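Student: Please take a close look at one helix pair in this model. I would like the geometry, the contacts and the surroundings.

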Amino acid sequence: MEFRYDTRDLKFIIKEWLPSAEVFACERFKDNFGVDDCDTYLTEGYKIARRVVSPINAPGDQAGVKLENSVVTPAPGYAEAYKFLQANGWGSSSECIRIEGGCRSSSTR
């Protein structure tokens with residue numbers, strides 16, 4: 001089944017319903033992000049969901065994850081999708097990216 005989603009609802013929620021302008025005015029974000037950046041993130045995130053994640057969903061549900069001898073083996077395609085997301089800046093990082101007013105060192109978490 002092909003993945004389809006209309007991002008207009010999310011854009012409305014972010015731009016019209018939530019106090020996003022107030023959030024993006026915070027010291028941590030004000031020089032780096034704005035409400036209009038959400039359009040790009042949602043559009044690109046949707047493309048990744050359709051092209052990378054959606055094709056492996058059904059096969060992944062069928063194959064499932066395996067746990068044998070304390071070793072976890074993800075469903076086919078999941079490791080590659082994870083690597084793609086990380087390599088293209090969509091994943092989390094264990095490294096602290098310094099944005100003024102932002103990150104704490106790992107010793108203070």
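Tutor: Helix 3 passes helix 4 in a left-handed crossing (the near helix is turned anticlockwise from the far one by less than a right angle; clockwise would be right-handed). This is a predicted model: local features need pLDDT of at least 70, side-chain atom pairs count only at pLDDT 80 or more, and totals for chains, interfaces and linings use all residues. Residues are numbered from 1 along each chain as its sequence is written, and side-chain values use heavy atoms, without hydrogens and water.

Helices here are DSSP runs (H or I, at least four residues), numbered from the N terminus.

Now the contacts (heavy atoms within 4.5 Å). From helix 3 come Ile48, Val52, Ile56, Asn57 and Gly60; from helix 4 come Tyr78, Ala81, Phe84 and Leu85. By class, this contact has seven nonpolar, two polar and no charged residues. Ala, Val, Leu, Ile, Met, Phe, Trp, Tyr, Cys and Pro count as nonpolar, Asp, Glu, Lys and Arg as charged, and the others, Gly among them, as polar.

Ala63 also lies in helix 3. Leaving aside neighbours within four places in sequence, Ala63 is in contact with Ala75 and Pro76. Ala63 and Ala75 are twelve residues apart in sequence, yet 5.8 Å apart in space, C-alpha to C-alpha.

Conventions. Helix = DSSP H or I, 4+ residues; strand = E, 2+ residues; numbered from the N terminus.
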